[in-house]
Amino acid sequence: MSSAEINKNEVDIVIGALNADLTQFLTSWRPFFSGFHLIVVKDPELKEELNIPEGFDVDVYSKTDMEKVVGASNATMFSGYSCRYFGYLISKKKYIVSIDDDCVPAKDPKGFLVDAVTQHVINLENPATPLFFNTLYDPYCEGADFVRGYPFSLRSGVPCAASCGLWLNLADLDAPTQALKTEQRNTSYVDAVMTVPAKAMLPISGINIAFNRELVGPALVPALRLAGEGKVRWETLEDVWCGMCLKHISDHLGYGVKTGLPYVWRNERGDAVESLRKKWEGMKLMEKSVPFFESLKLPETALKVEDCVIELAKAVKEQLGSDDPAFTQAADAMVKWIQLWNSVNSSARS
Amino acid sequence: MLKDELDIVIPTIRNLDFLEMWRPFFEQYHLIIVQDGDPSKVINIPVGFDYELYNRNDINRILGPKASCISFKDSACRCFGYMVSKKKYIYTIDDDCFVAKDPTGKEINALEQHIKNLLSPSTPHFFNTLYDPYRDGADFVRGYPFSMREGAITAVSHGLWLNIPDYDAPTQLVKPLEKNSRKFDLPLRLPILYVDAVMTIPKGTLFPMCGMNLAFDRELIGPAMYFGLMGDGQPIGRYDDMWAGWCVKVICDHMGWGVKTGLPYIWHSKASNPFVNLKKEYNGIFWQEEAIPFFQSVTLPKECTSVQQCYLELAKLVREKLGKVDPYFITLATGMVTWIEAWEELNSAEGTEAEAPNGKNE
């Protein structure tokens with residue numbers, strides 16, 4: 001499948017603008033963004049005007065738009081890195097591709113620029129295989145297949161809910177790790193896409209991600225907010241929490257989550273050591289989250305994504321609420337998110 | 001590395017010429033050759049290798065009636081080599097597998113990579129999106145719980161293959177000339193056939209374990225590496241390693257050990273006859289549809305604290321649950337029990353030492 005075969009009308013590229021000047025970012029992505037509709041959502045806490053180069057089919061949303069759609073009190077849900085979720089909310093497309101504004105296209109080992117958008121859509125359009133591990137990774141990619149011993153009944157796969165890409169140069173490491181290994185850069189290009197098996201948990205990064213909005217849109221929840229949340233990835237966990245919810249719900253509903261290609265090239269921003277100075281509560285919250293998700297079972301009756309999110313929020317409040325107020329807030333945000341999703345998307349339909 | 005702690009187990013029916021190419025990498029290690037088929041045939045082993053060789057007569061002599069658990073006329077017989085080995089680690093390789101080259105053109109020391117995989121921890125409880133975090137240049141990603149970063153002990157290292165991939169017969173028939181290639185394959189240069197990653201297969205997930213290029217910690221998981229009853233007199237073939245892989249994974253999950261897959265690659269040269277393969281696999285294709293849900297739903301009781309106990313429990317469940325699918329599974333379950341009995345006999349402190357009938361070839 002090449003870019004010529006993707007239906008660009010089915011895709012929205014959603015960019016959260018935490019920086020005002022998107023010139024370098026959008027210019028570098030122009031070859032791969034052109035022909036697509038872009039949704040740029042400005043961090044409501046960003047004061048400066050956005051600088052967006054000409055020639056893109058783009059709609060820009062700022063704090064005023066958020067307040068108009070969801071009300072002033074709910075607009076706080078979309079501050080910082082969570083601003084992109086507003087784009088997810090109001091999009092009308094089947095697929096969303098989202099890339100952080102400090103990333104540019106990567107080069108593959110042959111020196112060609114990687115078309116991350118096309119690769120994400122290809123991942124989403126092809127089935128996932130979460131129920132049995134294929135040792136040659138993605139069986140649907142050209143030149144590969146299911147290996148001997150792979151059950152035939154599982155070879156048609158399941159719908160792919162999300163495609164998690166990776167990063168060359170500055171990988172998505174946490175602050176302590178990057179602070180310890182200041183010079184470490186990711187130079188390893190692993191030429192594979194694979195499905196993360198059902199029941200396996202993973203940290204999903206929001207830096208380079210795509211998903212099937214029609215399938216699982218409501219499950220991408222802007223919920224967990226660190227008390228000291230900042231404007232660099234080292235100071236957030238919103239995507240990791242969102243990813244744990246998304247994976248659990250996907251497993252429950254029988255969808256797949258892929259990881260691997262495409263790579264993006266991630267640039268320097270912020271200072272890991274600086275971020276380390278902040279009390280890193282994200283660490284503690286993750287430790288508490290893991291046993292919760294490990295033992296969580298959504299009721300059989302939760303068949304719609306929205307219901308899954310509500311049930312998940314209930315469980316979070318019951319089981320984690322007393323551990324940390326961040327969890328109670330997350331649970332409340334998840335419920336609020338579904339309310340907003342339903343109201344925005346039903347009015348869009350009528 | 002580990003030259004006194006690792007045995008290389010090779011099943012063969014014809015010759016071991018392929019060892020010539022492996023010489024720089026294997027010469028330091030002790031080989032256990034398991035000769036399948038006609039025991040009167042003399043297997044030619046290149047000069048300079050330190051080995052012991054067992055043919056069917058040896059297997060019968062050493063195991064007596066318990067030899068019934070070792071397959072005949074199938075490479076599954078290799079597991080006899082695991083049983084008689086006295087080393088901590090095993091590497092097993094097929095005699096049609098050669099040294100591969102990485103994308104830079106450098107020859108791959110598969111054994112060295114397997115050893116690295118086995119000596120570094122696994123991460124079965126939480127998936128790391130940058131794959132093996134213990135490799136040079138890699139690490140745990142943001143959000144990976146700190147309490148899990150010590151990892152689990154690695155029991156198995158499952159390597160892959162370039163050139164002829166390990167496909168089943170139906171796939172071989174549909175895709176006759178395909179090599180293991182990726183979409184950036186350029187014919188004039190070394191194609192990027194190569195996925196530069198090692199990863200842990202998550203707990204609770206089964207996989208198809210191929211025995212062509214496989215290493216494991218024998219002291220840990222050896223008793224579970226029974227390659228079943230295949231070949232002569234059996235209704236099934238080419239499912240030996242699959243069967244072992246399902247048992248091994250269930251037990252590793254139960255014990256909290258890790259199974260890695262990915263690097264190293266070897267070069268698989270020989271495509272077997274797909275029509276012959278179809279005949280062998282035929283029953284397996286249907287039976288695996290029953291076997292896999294069985295393995296996916298098995299829970300081993302907490303009281304099973306050793307691999308042998310786990311394996312005997314599995315054998316019991318195989319007899320109960322899969323015996324209904326076909327009487328073969330009852331025979332197999334018996335074989336599984338016999339295997340453990342034989343393992344205990346040969347490996348307990350008081351057990352009889354297996355006589356090594358052939359020594360060095362200098």
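**Notebook: the A/B interface and some buried residues**

I began with polar contacts between chain A and chain B, and the rule finds 22 residue pairs across the interface, both residues at pLDDT 80 or more. A polar contact here is a pair of N or O atoms within 3.5 Å; within protein, one must be able to donate a hydrogen and the other to accept it, and residues adjacent in sequence count only if both atoms are side-chain atoms.

I noted that this is a predicted model, where local features need pLDDT of at least 70, side-chain atom pairs count only at pLDDT 80 or more, and totals for chains, interfaces and linings use all residues. Residues are numbered from 1 along each chain as its sequence is written, chains are lettered from A and ligands numbered from 1 in the order in which they are written, and side-chain values use heavy atoms, with hydrogens and water left out.

**Interface**

I looked up which elements of chain A face chain B. Those that each supply at least two residues are β6 (160-169), α5 (175-180), β7 (193-196), α7 (238-253), β9 (256-266) and α9 (281-295). Helices (H or I, at least four residues) and strands (E, at least two) are DSSP runs, numbered from the N terminus. The largest share, five residues, comes from α9(A). By class, I read 38 nonpolar, 13 polar and 15 charged residues on this side of chain A. In this scheme Ala, Val, Leu, Ile, Met, Phe, Trp, Tyr, Cys and Pro are nonpolar, Asp, Glu, Lys and Arg are charged, and the others, Gly among them, are polar.

Next came the extent. In contact (heavy atoms within 4.5 Å) are 66 residues of chain A and 64 residues of chain B. The buried area is about 5500 Å², and carbon and sulfur atoms give 58% of it. That is the accessible area (1.4 Å probe) that two parts lose on being put together, summed over both. K110(A), R148(A) and D191(A) supply 16% of the area that chain A buries against chain B, more than any other three residues.

I then checked salt bridges (a side-chain nitrogen of Lys or Arg within 4 Å of a carboxyl oxygen of Asp or Glu). The rule finds seven across the interface. R148(A) and D241(B) meet in a salt bridge, at 2.8 Å from N to O.

R148(A) turned up again beside D166(B). Beyond four places in sequence, D166(B) is in contact with V147(A), R148(A), W161(B), C210(B) and M212(B). D166(B) sits in the loop between β6 (154-163) and α5 (169-174) of chain B. Its relative accessible area is 5%, so D166(B) is buried. Buried means under 20% relative accessible area, exposed over 50%, partly exposed in between (1.4 Å probe, protein chains only).

**Aromatics**

Rings of Phe, Tyr and Trp (its six-membered ring) pair if their centres lie within 6.5 Å; planes under 30 degrees apart are stacked, over 60 edge-to-face and the rest tilted. Y61(A) and F86(A) pair edge-to-face, at 5.8 Å centre to centre and 65 degrees between the planes. Y61(A) is in strand β3 (residues 57-61) and F86(A) in helix α3, 25 residues apart. F86(A) is buried because its relative accessibility is 0%. In helix α3 (residues 83-90) of chain A, eight of its eight residues are buried.

**Another loop**

Where is W257(B)? I found W257(B) in the loop between α7 (240-255) and β9 (258-268) of chain B. Its relative accessibility is 13%, so W257(B) counts as buried.
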